[in-house]
Amino acid sequence: MQQETRDELDCFKLLLEHEVDEEHEEEDDDDIVPILMKKCKMTEEEVIAAHQNFLEKCPGGEMSKEGFLLENEDPMLSQAVFKVFDIDTSGTMDFSEYMQAKQALKLNTMEEKLGWIFCVFDSDGGGTIDICEIEEIVVGIFDFAGIKANEEILEACIKDVKDTLDVDGDGSITKEEFVRNARKSKFIKNMFLSD
């Protein structure tokens, strides 16, 4: 069970690195609310209230590792989650990282995991993932895992994911397509759905 949790967290870290690199460079305080509404399935009021609560606990706008560990029941899992979401290894989390870490602790079902994975890669919140992004995702997963895949293996994994997810062949993957078809991809199943 602990190895399964670690594997899931490693995948979350990869997904967040993709997301954080794009979002943190461009996001300002006005942009974060709609992003977190989608990613954390919260209303605007809930995100704002959570932000106010976060700032009461962390007036400097960053939560320490110790603070995060104290607010969660399972210290081992909390420590692993903190490590995953502390992308810059600063020993702290900003509000966006904190909210996404809390959300990751709540994922239980396969559908929740798949929905969350989709939302991470739908960085603009438009409701679709472009088929070209699949190549970046697969390459990134191999890079993150430290696997030096030869071209043949890489192409086979990319083809598996593309063929499995984009069943209608329109080059655009909706959340519904992703959640419905991702379980059929050997690559996605092996990397993300080891439960």
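**View 1. Overall burial and fold content of the predicted protein chain.** Buried residues, meaning those under 20% relative accessible area with a 1.4 Å probe and protein chains only, make up 42% of the 195 residues in the protein chain. The model is a predicted one, in which local features need pLDDT of at least 70 and side-chain atom pairs count only at pLDDT 80 or more, while totals for chains, interfaces and linings use all residues. Residues are numbered from 1 along each chain as its sequence is written, and side-chain values use heavy atoms, with hydrogens and water left out. The protein chain has 11 helices and 4 strands, taken as DSSP runs (helices H or I, at least four residues; strands E, at least two) and numbered from the N terminus.

**View 2. Lys41 in the loop between helices H2 and H3.** Lys41 lies between helix H2 (29-40) and helix H3 (44-57), and its phi is near 55°, a positive value in a residue other than glycine. Because its relative accessibility is 54%, Lys41 counts as exposed (over 50%).

**View 3. The crossing of helices H3 and H6.** The axes of H3 and H6 (residues 95-106), lines fitted to C-alpha atoms over the stretch in contact, with angles running from 0 to 180 degrees between N-to-C directions, come within 11 Å and cross at roughly 110°. The two helices H3 and H6 are therefore roughly perpendicular to each other (65 to 115 degrees). Contact (heavy atoms within 4.5 Å) is made by Val47, Ala50, His51, Phe54 and Lys57 of H3 with Phe95, Tyr98 and Met99 of H6.

Methods:
Parallel < 35°, antiparallel > 145°, perpendicular 65-115°, else oblique.
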